[in-house]
Amino acid sequence: MTGREYSDEFADALALANDTAVAHQRSAPADRPPGASAGDTDPECLTGPHEAGHTAPSAATPPRPGKRPAGHLHTPWRAARERAERAVRQPPAPGTADLADALGRTLAAPLTALTDLPSFDTSAMDGWAVAGPGPWRVDATPSDDAGTGPGAGILAGHATTMALPDGHAVPIATGARIPTGATAVLRSEHGEVLELPDGRARLYAPRPVPPGQDIRPRGQECRAGDHLLAAGTPVTPAVLGLAAAAGYDELSVHPRPRVEVLVLGDELLRSGLPEGGRIRDALGPMLVPWLRALGAEAAAPRHLGDDADALHDALATSTADLIVTTGGTASGPVDHVHPTLRRIGAELLVDGVAVRPGHPMLLARLAPRRHLVGLPGNPLAAVSGLLTLAEPLLRALAARCPAAPCRLPLAAAAQGHPRDTRLVPVAYRDDTRHGQTAASLHFHGPAMLRGIAAADALAVIPPGGAERGTEVDLLELPWPAGWSAGWPTPGTSYDPAAPAGGPA
């Protein structure tokens, strides 16, 4: 652990001690300093720097570079997420994209069927197309009709002009067009063909074949002009399949938000084992694919070290919709994010959030359509900032609707911070009393990744904590939920949730 990480851990511990002291002061109003109001310590009055209740620093005592002004109040966690979502006044103009390039984008216009699905009556099974009740005389299609040779029947992709008379049958393949006059399809495993002495063949069925059996009628799924999907729908692989089936070669979509990741810190190594007081960069390899999973277009991260001028030049010249920085958001001697934002005239929308881990995160507007999310340098704290500020901002940039709220009961009591929201990695577990639950994982300290690597979501723990069985909000991760269900359950020989993980 580097000196910077130690300072972050110490800051967490110091804040916890201060919060505990504040709680004691709140219970004893007589101890409040003269002139102090209840809003000075009441957690309900915790607002951001742009909200009512924030006291601006005195002009006579300007803060030192990199330091927050005295009396600075962190934005409540939910308010910070809402502010990030509202930061984008208008998403980029939509355009068109080939199906091959539309995955992960958002539909900018409703998807309307361009054709009937299916576009003709289709066989749902291999077997025989039959006309009327059986038994049936088995016909063969001529070679110039189906193009497959005498007796082959009707195959998918081959048109047929033959009409099937009543009492006749013809072999047919799954997906092939039903000939005129056919009333049903008899599955190959349900029929029996007997050769007659005169060389003809007759098809028998063990039971009556009802009209329409195993025929997919034209327009069964939709008719041309039917509304299929609303604007704002994320383009998934299934959406691509539906669009192709409905006749589309390209889609009207919103562009993917362009994100640039700047990894700050002289202590970070890009390869090999930690040595000489330096540690591996865990955020660069993690953030870029995570951002892509959120629908963004993100290139490989840039490593700038602790260089104020390099950071200034990177921010001043970037054309990305969103810049994500890691580290440098606190008040240390080499934390250059705040001074650089002041230097370029950026507007701070969120400057610190009342959440653990990750409270030094920030959101700034660099230009009308360009933003910056500053993440803390500790890995789990950075994930907290990513899901608190970057995810709702990217969702707004992509014009994507928010996911349906997800809530589950806790599998065990969760300790809370006295005043701030806590985000705790959890895995989904089955419980005999509560059904599916969210089980807190250990290794959840700000600098740890073992917990989040085994997690399905982050549970939102309110100030003061929550008891077992309490339903809490979940921030689901952008990959299939439940993949951790195959991990050993608590108490077995190997459990990613076993040893305690330290302060969060």
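Which residue just after H5 takes a positive phi? Gly 295 does, at about 95°.

The model is predicted: local features need pLDDT of at least 70, side-chain atom pairs count only at pLDDT 80 or more, and totals for chains, interfaces and linings use all residues. Residues are numbered from 1 along each chain as its sequence is written, and side-chain values use heavy atoms, with hydrogens and water left out.

**Figure 1. The whole chain.** The chain holds 9 helices and 29 strands. Helices (H or I, at least four residues) and strands (E, at least two) are DSSP runs, numbered from the N terminus. Of the 504 residues, 46% are buried. Buried means under 20% relative accessible area, exposed over 50%, and partly exposed in between (1.4 Å probe, protein chains only). The accessible surface comes to about 23,800 Å², and 56% of it belongs to carbon and sulfur atoms. Areas come from the Shrake-Rupley method with a 1.4 Å probe; for residues, only the protein chains shown count as cover. Among contacts with a separation of 6 or more, 73% join residues 24 or more positions apart. Contact means heavy atoms within 4.5 Å.

**Figure 2. Helix H5 and its surroundings.** H5 spans residues 283-293. Its buried residues are Leu 283, Gly 284, Met 286, Leu 287, Val 288, Trp 290 and Leu 291. They pack against four strands: S15 (258-263), S18 (297-298), S20 (322-326) and S24 (370-375). Helices H8 (379-397) and H9 (450-453) are also packing partners of these residues.

**Figure 3. H5 against H8.** Two packed helices are described by the angle between their axes and the distance between the axes. Here the angle is about 25° and the axes lie 12 Å apart. Axes are lines fitted to C-alpha atoms, for helices over the stretch in contact, and angles run from 0 to 180 degrees between N-to-C directions. H5 and H8 are therefore roughly parallel (angles under 35 degrees). H5 contributes Leu 283, Met 286, Leu 287, Trp 290 and Leu 291 to the contact. H8 contributes Pro 379, Ala 382, Val 383, Leu 386, Leu 387 and Leu 394. By class, the contact has 11 nonpolar, no polar and no charged residues. Ala, Val, Leu, Ile, Met, Phe, Trp, Tyr, Cys and Pro count as nonpolar, Asp, Glu, Lys and Arg as charged, and the others, Gly among them, as polar.

**Figure 4. Leu 114 in its loop.** Leu 114 sits in the loop between strand S4 (111-112) and strand S5 (122-123). Leu 114 is exposed, at 51% relative accessible area. Leaving aside neighbours within four places in sequence, Leu 114 contacts Ala 224, Ala 246, Gly 247 and Tyr 248. The C-alpha atoms of Leu 114 and Asp 226 are separated by 8.3 Å, with the two residues 112 apart along the chain.

Key. Parallel < 35°, antiparallel > 145°, perpendicular 65-115°, else oblique.
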